[in-house]
Amino acid sequence: MSEKLKVGILGGTGMVGQRFISLLENHPWFEVTTIAASPRSAGKTYEEAVGGRWKMDTPMPDAVKKIVVMNVNEVDKVASNVDFVFSAVDMSKDEIKKIEEEYAKTETPVVSNNSAHRWTPDVPMVVPEINPQHMEVIKYQKERLGTKRGFVAVKPNCSIQSYAPVLTAWKEFEPYEVVASTYQAISGAGKTFKDWPEMVGNIIPYIGGEEEKSEKEPLRLWGEIDDSKKEIVPAVSPVITCQCIRVPVLNGHTASVYVKFKKKATKEQLVSALENFSGMPQELGLPSAPKQFIRYLTDDDRPQVALDVDYENGMGVSVGRLREDTVYDWKFVGLSHNTVRGAAGGAVLCAELLKAQGYITKK
């Protein structure tokens, strides 16, 4: 066995679990040694459990094909084999909260793609370029759970990745009011066109729970740790209102965004702030970190999903069509990869940050 950290994937047979497995192939720090899923998959090899449901563009890595899938509910047994786990389990919110804390209490760090713990006050919800300091709340969570190294950390919703980083880059100009419409890929629902033929040539103007997440989660990213309360207190500004629409695209969430600022800014200043924006992942040279997190595209017809969704291996954000608005101050279009930066890739980057900060170590 190598010196790499041993990783378990909880919910490894679903679409996000598959994305974790494809992203972790040949990872320099992490090695998938354990896959856990529902009892109906347990006891089968990963290849048998997934069967014809492999949804990634790249082939299933040979290294995982013969791994025997474990029952995700056998917490102690799964946890005994790994240094930490990624969670992509498909359960109710209450079940997810319970099982993720059960894993944490076995002294196994949990890096979750799920939404269940995003509003647990002492669970950090992190985009590593935006709020790496929020990992410091883990010490309070460990107090609550009674653990020494076990904890839960989460990444935010996929829909906000195409505009929250942009607004963060423009913080100095004090954005205070934002209108965002997101045009979201079907893979965000864990689907392909084969699974969901009625989405071909169709738009559905509703995604359950998505608008509330898109309006509120950026404020938690911009919040601060209150040491007296031992929790993260969300910011109150900017106010965001959002509509979320499902569109016939496989991968890539696009956002059309209008912003009002308290401080005047020129287009040149705004573009420069985007292109020069970087954070701790870039400073530390984390393996999955994009070299340039946000890029600005000058062509009128960019960003496009077909051309731009895989920018920086899907870990970067593409922005275009920045122009002055007649009602708001400025408007722009953003694009991010919803299952890479927005889901599994964002969680992998969180785990890399946690390792770099000393929160994830060998057991």
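Q: What should I know about the model and its numbering before reading it?

A: This is a predicted model, in which local features need pLDDT of at least 70 and side-chain atom pairs count only at pLDDT 80 or more, while totals for chains, interfaces and linings use all residues. Residues are numbered from 1 along each chain as its sequence is written, and side-chain values use heavy atoms, with hydrogens and water left out.

Q: How is a pair of aromatic rings described, and how many aromatic pairs does the structure hold?

A: A pair of aromatic rings is described by the distance of the centres and the angle of the planes. Here rings of Phe, Tyr and Trp (its six-membered ring) pair if their centres lie within 6.5 Å, and planes under 30 degrees apart count as stacked, over 60 as edge-to-face and the rest as tilted. The structure holds twelve aromatic pairs. One of them joins Phe-151 and Tyr-359 edge-to-face, with 6.2 Å from centre to centre and 75° between the planes. These partners are 208 residues apart, Phe-151 in the loop between helix H6 (138-145) and strand S6 (152-154) and Tyr-359 in the segment after helix H12 (340-356); helices (H or I, at least four residues) and strands (E, at least two) are DSSP runs, numbered from the N terminus.

Q: Why is Phe-151 called buried, and why is Arg-40 called exposed?

A: Buried means under 20% relative accessible area, exposed over 50%, and partly exposed in between (1.4 Å probe, protein chains only). Phe-151 is buried because its relative accessible area is 0%, whereas Arg-40 is exposed because its value is 68%. Arg-40 lies in the loop between strand S2 (30-37) and helix H2 (46-50), and its C-alpha is 28 Å from that of Phe-151.

Q: Which residues touch the most other members of the largest nonpolar core?

A: A nonpolar core is a set of buried Ala, Val, Leu, Ile, Met, Phe, Trp, Tyr and Cys residues joined through side-chain atoms within 4.5 Å. In the largest, of 58 residues, they are Tyr-103, Tyr-163, Trp-170 and Phe-332. A second, separate core of 42 residues includes Leu-24 and Trp-54.

Q: Why does the span of helix H5 agree with expectation?

A: The expected span of a helix is 1.5 Å times one less than its number of residues. H5 (residues 93-105) has 13 residues and should therefore span 18 Å, which agrees with the 18 Å between its end C-alpha atoms. Its buried residues include Ile-96, Glu-100 and Tyr-103.
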